Amino acid sequence: MAKLFLVGSYSQKGLKAIVGSGFDRHIKTRKAVEAMGLKFISYDIVRGKYDFVVTVEGEWEQAVGLAAAANASGDMDEALVLECFSIDAFNESLGKAGAWTPPSG
């Protein structure tokens with residue numbers, strides 16, 4: 001099971017709904033996350049390019065399915081998934097990649 005971040009920004013349509021009814025996206029998001037079989041960890045509102053970060057545990061395909069549904073809803077300008085991976089595995093891959101010779105070499 002991987003740790004995943006669902007990151008996104010609301011569209012004007014999505015923001016209009018929030019302004020009209022109050023902010024309850026964390027409750028609805030938790031239900032959607034759990035319905036996909038993912039483990040809900042947290043929902044954070046953030047400053048910057050994106051509006052929120054949802055931290056979950058599960059499989060990449062589950063999270064991508066949820067992001068696709070969010071994007072298709074029209075309530076998001078962008079929803080994407082970031083998957084965490086092991087630093088040790090990354091360093092191992094770097095060691096193997098060091099043996100690669102580019103075509104220009």
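Glu34 counts as partly exposed, at 43% relative accessibility. In this predicted model, Glu34 forms a salt bridge with Arg30, and the closest N and O atoms of the pair are 3.1 Å apart. Arg30 is likewise partly exposed, because its relative accessible area of 40% falls between the limits of 20% for buried and 50% for exposed. The points below place this pair among the other features of the protein, from its charged contacts to its overall form.

**Salt bridges**

- The structure holds four salt bridges, and the pair of Glu34 and Arg30 is one of them.
- Side chains of opposite charge can pair when their charged atoms come close.
- Both Glu34 and Arg30 belong to helix H2, which covers residues 25-35. They stand four residues apart, which is about one turn of the helix.
- A salt bridge also joins the side chains of Lys28 and Asp24, with a distance of 3.6 Å from N to O.
- Lys28 is partly exposed, with a relative accessible area of 44%, and Asp24 also counts as partly exposed, at 27%.
- In helix H4, Lys96 and Glu92 are four residues apart, about one turn of the helix. Their side chains meet in a salt bridge of 3.3 Å, N to O.
- Lys96 is exposed, because its relative accessible area of 60% is over the 50% limit.

**Overall form**

- The protein has four helices and four strands. Along the sequence, these elements follow the pattern β-α-α-β-β-α-β-α.
- The radius of gyration is 17 Å, well over the 13 Å that the globule rule gives for 105 residues, so the protein is more spread out than a compact globule.
- Taken along the principal axes, the C-alpha atoms fill a box of roughly 60 × 30 × 25 Å.
- The accessible surface comes to about 7100 Å², and carbon and sulfur atoms account for 58% of it.
- Of the 105 residues, 26% count as buried.
- Among contacts between residues at least 6 apart in sequence, 63% join residues at least 24 apart.

**The nonpolar core**

- In soluble globular proteins, nonpolar side chains tend to be buried together.
- The largest nonpolar core of this protein has 18 residues. Those with the most contacts inside this core are Leu4, Leu6, Val33, Leu38, Val54 and Val56.
- At least two residues of this core come from each of the following elements: strand E1 (2-10), strand E2 (39-45), strand E3 (52-58), helix H3 (60-72) and strand E4 (76-83).
- Strand E1 supplies the largest share of the core, four residues.
- Leaving aside residues up to four places away in sequence, Leu6 touches Phe52, Val53, Val54, Val56, Ala63, Leu66, Leu80 and Val81.

- Thr55 lies in strand E3. Thr55 is buried, because its relative accessible area of 7% is under the 20% limit.
- Beyond residues up to four places away in sequence, Thr55 touches Lys3, Leu4, Phe5, Lys39, Phe40, Ile41 and Ser42.

- Phe85, Phe90 and Leu94 form a nonpolar patch on the surface, and together they have about 330 Å² of accessible area.
- Phe90 lies in helix H4, which covers residues 87-97, and Leu94 has its place in helix H4 as well.
- Phe90 is partly exposed, with a relative accessible area of 41%. Leu94 also counts as partly exposed, at 44% relative accessibility.
- Leu94 and His26 are 68 residues apart along the chain, and their C-alpha atoms are separated by 38 Å.
- Ile87 also has its place in helix H4. Ile87 is exposed, with a relative accessible area of 63%.
- Ile87 and Phe5 are 82 residues apart in sequence, and the distance between their C-alpha atoms is 17 Å.

Terms used:
Residues are numbered from 1 along each chain as its sequence is written. This is a predicted model: local features need pLDDT of at least 70, side-chain atom pairs count only at pLDDT 80 or more; totals for chains, interfaces and linings use all residues. Side-chain values use heavy atoms; hydrogens and water are left out. Patches are made of residues with over 30% relative accessible area and no salt bridge: like charges are joined within 9 Å, nonpolar side chains (Val, Leu, Ile, Met, Phe, Trp, Tyr) within 5 Å. Accessible areas come from the Shrake-Rupley method with a 1.4 Å probe; for residues, only the protein chains shown count as cover. Buried means under 20% relative accessible area, exposed over 50%, partly exposed in between (1.4 Å probe, protein chains only). The radius of gyration is taken over C-alpha atoms; the globule rule is 2.2 Å times the number of residues to the power 0.38. Contact means heavy atoms within 4.5 Å. A nonpolar core is a set of buried Ala, Val, Leu, Ile, Met, Phe, Trp, Tyr and Cys residues joined through side-chain atoms within 4.5 Å.
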